[in-house]
Amino acid sequence: MLPWGYIGRRVAQTALVLVGITLVVFWVVRLSGDPVLLMLPADASQQDIARLREALGFDQPMYVQLQRFVERVARGDFGNSLRFQEPALPLVLERVPSTALLALTALSISTLVAIPLGVLSAARRGSAWDHAAMFAALLGQSMPIFWTGIMLITIFSVALDIFPSSGTGTLRHLVLPAAALGVFSTGRVTRLVRGGMLEALGQDYVRTARAKGLAERRVVYRHALRNSLLPVITIVGLELGSTLGGAVVTEMVFAWPGVGRLIVSAIFARDYPLVQAAVFVVATMFVLVNLVVDIVYAIADPRVRYA
Amino acid sequence: MREPASEPAAGQRIRALVRRNCLGVIGAGVLLAELAAALLAPALAPYPPLDQDTARRLQPPLAVAAGGGRYALGTDQLGRDVLSRILFGARISLLIGFSAVAIAVPLGVAVGLIASYHGRLMDDVVMRVADVQLAFPFILLAVTVVAVLGPSVGHLIVVLGIAGWVPYARLARSEVLTLKRREFVEAARALGAGDTRIMARHVLPNVLTPVVVVGTFALANTILVESSLSFLGLGVQPPDPTWGGMLSDSREYVTAAWWLWVFPGGAILTTVLATNFVGDWLRDVLDPRGTW
């Protein structure tokens, strides 16, 4: 049976958060006072400013602007991109698959590396292996993504010529950006997996398993591991946030045609409708993925529903 | 409670603790040295960081220069001394990092305390606002706000500071929720202490310990984000030297002048790693159970 009550609560919360995201996206371009000045070149004439202000509705009272904005967003309309002169949202959405591909590949790499690394570290706590793995994890967390990217390009594209340094299209194009983006989250997930494992190893059922004479191997891999893997789902879901943020930088380094690169180029082009649409889409992706993660988690672990 | 049997032997544990503390001490030392270097940058830097001279562009570092160079870490594409730029870059990175955390911590703690102490509705509202905040990747929000307000050190500090409040609010909140029911808080209340006094005297000191640890990790992360923004060209603007900006400039010289990306990147890595070491150390000392 599905935990409908819990799902209903989470969906309602998510709806509220989406409203909040809409408000932030509305408000953020108005931070400077006059968004119209941001969108025009510095030498724009007074008539140009007045015309654009009227065309975009910025001459209306704030509550009217907000009402219109919310109505339009509800219809999926963020206005036209100033640069491309076509609706902004479809421009963003067509870039979503390539960002999703990059982020999910990076997260998969992280998870596949982090789980064994973290579990072994916890199982051999205090050993040289544990110290080495924790140091590596911290190192991964401390390297700026763009620096990792430059190094990967220098080694694997320039020196060894194994993988292309930029562009997209084949699986080989995906390797370096996904690796650069994955390094950061690998460090964090490893540390969290290790923490979760150590906690599981301290539980009563582990003591029971040990007391009945099970081999340590079996205690670690059968009893503790299974119980500590579940929270990893949540960790990876939350990690998507910083991965999507990191994707902005990664896409710039590797000329990856995703939402992040679109946002940065839109910012430089002062194309604020496009920026708004893109920021909204990224935040919404994060929220929806975490909604799904939470629901899956609640189905897998009934205790969550009552927490 | 952790099982004694899962603990390593006592000797091993002490060694491990010393070793971990040793990394923490090294980290703290590096961080202090960097702070000093940043403060004394005008005195320490061998050349003015903005001084261009195309006659001496892309000079290799002293150690590898044929016939003895004059630049410890080489010069960049405009003939500026890399070491001097890294020293001055440290000022900006550390200033932004420390200031942003100094804004985020009190903001977050205050919000968390108020939220958890004033009823269910307030608590729900604040937690939903936190969800909204977390929905925006840190970098993305910073990029957007800085693009709107204009890139300046002040704007970066304010954006990174305000956007960083959530973890502290959550810590403060969860601490209050557990402390509220504890005997010593009830005793204080029975003795007639008001909300303000209970929060200031009993709750706040308990919140500060985890906040210090989380704040240290946040400092490391803020320095990373700042360097990313500068790398994207949306942080501190040229010609002011920043580590991220130096790396951005180095992209066209990756093979021709390795020192242009090795040293600024190394500076970021060293700083962030040292900060993380300090954070780990503080956590080991202050929270041996590793709950945060």
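In chain A, if we take the contacts between residues at least 6 apart in sequence, 71% of them join residues at least 24 apart, where two residues count as in contact if their C-beta atoms, placed from the backbone, lie within 7 Å. Before I go on, please keep in mind that this is a predicted model, in which local features need pLDDT of at least 70 and side-chain atom pairs count only at pLDDT 80 or more, while totals for chains, interfaces and linings use all residues. Residues are numbered from 1 along each chain as its sequence is written, and chains are lettered from A and ligands numbered from 1 in the order in which they are written.

Let me stay with chain A for a moment. It has 13 helices and 0 strands, where helices (H or I, at least four residues) and strands (E, at least two) are DSSP runs numbered from the N terminus. The C-alpha atoms of chain A fill a box of roughly 85 × 55 × 30 Å along the principal axes, and 41% of its 307 residues count as buried. Buried here means that 20 or more other C-beta atoms lie within 10 Å of the residue's own, exposed means 12 or fewer, and partly exposed is in between, with C-beta atoms placed from the backbone.

Now to the place where the two chains meet. The contact takes 49 residues from chain A and 46 residues from chain B. On the side of chain B, the elements giving two or more residues are α1 (10–39), α4 (119–135), α5 (138–149), α9 (195–232) and α11 (259–286), and the largest share, 9 residues, comes from α5(B). By class, that side of chain B has 30 nonpolar, 9 polar and 7 charged residues; Ala, Val, Leu, Ile, Met, Phe, Trp, Tyr, Cys and Pro count as nonpolar, Asp, Glu, Lys and Arg as charged, and the others, Gly among them, as polar.

Why do we describe α5(B) as largely enclosed by the rest of the structure? Because 11 of its 12 residues are buried, among them B:Phe138, B:Ala142, B:Val143 and B:Val148. From its first C-alpha to its last, α5(B) reaches 16 Å, close to the 16 Å expected at 1.5 Å a residue, the expected span being 1.5 Å times one less than the number of residues. After α5(B) comes B:Gly150, with a positive phi near 100 degrees.

Leaving out residues up to four places away in sequence, A:Ala278 touches A:Val92, A:Val259, A:Leu262, A:Ile263 and A:Ala266.

Finally, some backbone details. Most residues other than glycine have a negative phi, and most peptide bonds are trans. A:Gln85, in the loop between α4 and α5 (88–93) of chain A, has a positive phi of about 55 degrees, and it is exposed, with 7 other C-beta atoms within 10 Å. A:Asp161, in the loop between α8 (145–159) and α9 (171–201) of chain A, also has a positive phi, near 55 degrees, and is exposed, with 9 other C-beta atoms within 10 Å. In chain B, the peptide bond from B:Pro238 to B:Pro239 is cis, with omega near 5 degrees, and B:Pro239 is found in the loop between α9 and α10 (243–250).
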